[in-house]
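Work through the exercises below with the model open. Try each task before reading its solution.

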Amino acid sequence: MRAGLAIVAALIVLAIIGPPLWGDQAEAINSAAILQGASAAHPLGTDNLGRDLLARVLVAGRFTLMLALLATAIGAVVGTVLGALPAVLPRKGARFVTGLVNALVAFPGLLLAMFVAVIAGLGAKGAVLGIGAAIAPGFARLTQTLAASVAGADYVSAARMLGVPRGRILARHVLPNIAEPLILNLTQAMGGALLGLAGMSFLGLGVQPPSFDWGRLLFDGFARIYLTPEVALGPAVAVALAGIGFNLLGDGLVKKARRARPSTDKAVAPRPEPVAADPEAVLDVRELTVAFPGGVTPVRELSLTIRPGEIVGLVGESGSGKSLTAAAVGGLVPYPGVVGASLLHRGGEVAMVFQEPALNPALKVGGQLAEVAIVRDGLSRAEARERAIDRLGRVHLPDPARSAKSHPHELSGGMRQRAVIAMGLMGSPKLIVADEPTTALDVTVQGQILKLLREVVDQTGSAVLFISHDIAVVGELCDRVVVMYAGRVVEELPVKELAAGAAHPYTRALIASLPDMETDRSRPLASIPGRQPAPADVGEGCAFAPRCALATERCAAERPPLTVYGPAHRVACWEA
Amino acid sequence: MAELKNPAGASIDAPAAARPPARSATARRLLRHAVRLVVSLAVLMVASFAMIHLIPGDPVRASLGPAAPVELVEARRAALGLDRPWPEQLLTYTGDVLTGNFGTSFITGEPVGQIIATRLPNTLVLALLATLLALAVAIPLGMWAAVRTENGRNRGTEAGFGAATGAAVAVPEFLYSIALVAVFAIWLKWLPPASKAGPESYILPILAMSIGPTAMIARISRAQTLRELGQDYVRLARANRLPVVRLHLRHVLPNTLTATLTVGGLLLTSLIAGSVLVEYVFAWPGLGQRIVESITMKDYPVAQGAILVYGALVLIVNFLVDVLIGVLDPTSALKEN
């Protein structure tokens with residue numbers, strides 16, 4: 001970006017000062033020094049009239065840039081008009097213009113430029129018109145795409161409803177909102193125009209003597225490349241630099257408009273003293289912390305033990321750290337996140353199920369399942385296929401043999417989620433981590449998937465860590481519930497105590513916000529005032545204190561530890 | 001892809017109901033593209049016909065020069081049919097083009113069809129080999145860069161890759177050609193500087209044509225790969241502990257190919273046009289070299305025929321790319337509908 005800006009700035013300076021400084025030298029004919037190679041007097045040699053080529057290159061910058069600017073302007077104006085036309089034309093005309101633009105965009109610019117050059121004749125005029133014509137379709141397509149995205153916006157619909165004429169909508173609402181990307185594109189188009197014109201002149205189809213641009217100088221220099229290759233060097237370097245400069249600048253501008261640069265720190269996670277694992281547990285995690293650069297710690301000192309056959313629900317709002325906990329359990333925390341724990345023990349194979357039924361769209365379902373067994377258990381292709389069909393049957397896919405031969409897009413969302421669970425069952429997982437597995441599905445299918453998970457647990461004895469934002473779903477499925485808030489566990493309790501025995505104000509608020517049969521529908525649903533703090537904003541005290549009706553000064557100053565509250569019930573609250 | 005539920009509440013999902021529509025969607029899409037191809041070819045033909053008529057003044061006079069005798073100009077006009085009304089001319093032109101008669105050169109008197117037949121294969125060989133080379137180098141390069149820079153790791157690689165490909169894309173093929181000739185033919189004398197001879201004469205033109213597209217495709221391949229690496233199926237495959245090579249080649253690569261090949265196809269068409277400049281530098285006996293000659297010398301029948309053929313090639317290649325994508329990625333047909 002900076003390099004691009006520097007090159008373009010240098011080109012502009014050259015275009016301004018070049019002709020007055022070296023103009024005379026570039027035109028000075030010296031019959032004693034024709035067609036020379038590089039020398040001290042003429043670093044890039046001389047042409048057939050003995051004129052200094054370095055001076056000619058420096059002077060030609062202005063003409064080259066002017067022609068490129070002219071071609072870009074022509075292309076941008078024609079293209080923008082062509083692209084905006086469908087928005088104002090009647091239906092048939094709009095379709096015609098759109099079709100024309102689509103056809104022209106696919107056409108290589110040089111071909112369009114040569115087409116125009118045949119008509120307009122050899123020379124700078126033909127080349128500029130031709131390159132302008134070559135640039136226009138790209139602009140038209142961009143304008144069309146952008147205008148279409150703006151046309152769907154609320155304020156445009158509103159203007160249309162108010163009866164504002166279409167031309168006025170285009171001028172007042174659409175064009176101003178798409179101007180920025182169009183201007184960014186201008187920079188890149190300018191580079192393209194410069195290269196295109198250089199190409200035309202290099203072929204002898206563009207600028208004709210006595211005028212000269214870089215392409216024409218290259219044309220002359222190339223004719224002598226066997227004797228004095230250095231004479232082609234000057235214009236070649238100039239064209240290459242200009243092309244690179246405009247391209248880098250355009251790229252940089254587009255990127256800058258798109259995003260800010262992320263931080264470059266390294267994440268640091270605490271490394272607590274290791275402790276021994278519960279040998280029977282399928283998952284035993286102590287003091288798990290997940291940290292990201294910049295002191296962001298979305299999961300803090302989380303401890304969780306899961307025994308065979310248990311279904312444990314992990315509940316929390318989005319941003320509470322529950323999905324990162326699942327990722328840490330599966331060993332899938334994305335870079336640059338770092339995991340620290342005094343213990344992270346997995347009692348066997350872990351299978352993962354995600355929110356979106358995560359099958360590879362390009363591969364057949366059966367093949368993806370079989371692959372797991374081939375790679376992990378060393379099964380033969382036929383054995384693995386047989387097992388895949390068996391597992392697809394076990395998750396109640398109708399006609400498993402046929403489903404195995406389908407691509408994922410040929411199955412419904414519910415069927416895909418079943419297939420992913422079947423994939424988890426290809427091995428013999430001791431723990432299935434299900435991260436919001438039903439959130440993307442509709443309610444009936446949700447119920448079927450929950451039933452299936454319960455069935456899998458009853459049949460195989462594996463445990464499930466079920467992650468959800470929905471405390472009602474968790475209450476329906478799980479044996480035990482762990483509630484997370486702002487990266488920490490605030491309460492852990494058996495599911496049968498959930499309705500009446502919850503001790504933490506946050507858990508109680510979650511339950512109170514659920515509608516049931518007795519809820520008075522005429523009153524608004526209860527909701528928790530305030531918002532969960534971001535992982536970076538958690539202070540010294542209880543993270544829930546700002547939203548808590550029971551909060552005291554102590555809550556704000558000192559964080560309550562997770563303490564035993566009853567059998568299999570722990571809570572982190574001073575007021576519980 | 002609606003879901004069926006039976007009244008008893010047991011789960012009966014729609015048994016792959018989308019399959020027959022998927023096939024007919026592919027067929028419909030193919031038909032639509034074929035129709036579009038035919039219409040585009042017709043428009044192209046009219047445009048190439050119009051090109052001669054849009055030349056200001058008299059193209060024959062412009063071609064023969066002001067000194068040519070009036071009788072010769074009249075005779076040439078009659079031979080070209082330029083003295084007849086234009087709808088009749090268009091009809092004749094259409095018939096001629098469809099029977100492969102593109103007229104004769106003003107300058108050499110050769111049939112234009114014959115010029116195209118002898119020169120086009122040389123152009124196509126270059127463009128095809130350059131495209132294959134670019135794809136073969138760029139797709140692995142882009143994937144490698146994506147895997148190395150996923151989630152913002154290895155910022156050095158990311159910056160280097162971005163700068164190198166950005167610069168490589170920005171340099172036009174004729175500069176690569178000149179540089180390669182200067183270095184490998186004139187300075188080192190390793191390879192022939194020009195004209196088509198043995199296999200070694202192909203090396204420089206193909207290199208010159210493929211450097212830019214390689215950089216371009218590598219960028220797209222990287223962007224596509226990065227996008228796929230963020231998908232849930234990759235998380236699942238990683239959770240299943242699939243080996244890294246298998247994960248990337250069997251799971252990620254096929255999903256990146258649609259976009260990469262679309263651009264690759266477009267690049268092939270731009271290579272067909274870009275070959276004009278490369279052929280000029282290497283004195284390669286292709287159609288591109290002849291097109292430049294014909295425009296410079298106002299040999300309009302040759303220019304007209306060559307531009308028509310180039311345009312038709314572009315349209316046909318685009319059509320083939322669309323078909324290929326439909327075969328490789330059956331979901332794209334559904335998406336398009």
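**Exercise 1: Annotated segments of chain B**

Over residues 256-282 of chain B, the chain is 100% helix and 0% strand, with the end C-alpha atoms 35 Å apart. This is a predicted model.

Task: State which stretches of chain B the UniProt record lists as "transmembrane region", and describe the fold of residues 124-147.

Solution. 
- Start with the record. The unreviewed UniProt entry lists residues 34-55, 124-147, 159-190, 202-220, 256-282 and 302-328 of chain B under "transmembrane region".
- Turn to the model. Residues 124-147 of chain B are 100% helix and 0% strand. Their end C-alpha atoms lie 34 Å apart.

**Exercise 2: Chain B as a whole**

Task: Determine how many helices and strands chain B has, and what share of its residues is buried.

Solution. 
- Count the elements. Chain B has 13 helices and zero strands. Read from the N terminus, the order is α-α-α-α-α-α-α-α-α-α-α-α-α.
- Check burial. Of the 337 residues in chain B, 41% are buried.
- Check contact range. Take the contacts in chain B between residues at least 6 apart in sequence: 71% of them join residues at least 24 apart.

**Exercise 3: The side of chain B that touches chain A**

Task: Find which helix of chain B gives the largest share of the side that touches chain A.

Solution. 
- Size the contact. Chain B contributes 68 residues and chain A contributes 67 residues.
- List the contributors. Elements giving two or more residues on the chain B side include helix H1 (19-54), helix H10 (244-282) and helix H12 (300-328) of chain B.
- Pick the top one. H10(B) gives the largest share, 12 residues.
- Sort by class. The side of chain B that touches chain A has 41 nonpolar, 15 polar and 12 charged residues.

**Exercise 4: The sheet of chain A**

Task: Give the strand order of the eight-stranded open sheet in chain A, and explain why one side of S6 and of S11 has no neighbour in the sheet.

Solution. 
- Write the order. The eight strands of this open sheet in chain A run S6-S7-S8-S3-S9-S10-S12-S11, with mixed pairing.
- Find the edges. Strand S6 (350-353) and strand S11 (563-566) of chain A each have a single partner strand, so one side of each is left without a neighbour in the sheet.
- Recall the general rule. Strands of a sheet pair through backbone hydrogen bonds, either parallel or antiparallel.
- S6(A) runs parallel to strand S7 (residues 431-435) of chain A, and four bridges join them. In S7(A), A:Ile432 is the bridge partner of A:Ala351.

Technical notes:
Residues are numbered from 1 along each chain as its sequence is written. Chains are lettered from A and ligands numbered from 1 in the order in which they are written. This is a predicted model: local features need pLDDT of at least 70, side-chain atom pairs count only at pLDDT 80 or more; totals for chains, interfaces and linings use all residues. Two strands pair if DSSP finds at least two bridges between them. UniProt positions are given in the numbering used here, feature names are shortened, and annotations may be inferred rather than shown by experiment. Two residues are in contact if their C-beta atoms, placed from the backbone, lie within 7 Å. Ala, Val, Leu, Ile, Met, Phe, Trp, Tyr, Cys and Pro count as nonpolar, Asp, Glu, Lys and Arg as charged, and the others, Gly among them, as polar. A residue is buried if 20 or more other C-beta atoms lie within 10 Å of its own, exposed if 12 or fewer, and partly exposed in between; C-beta atoms are placed from the backbone.
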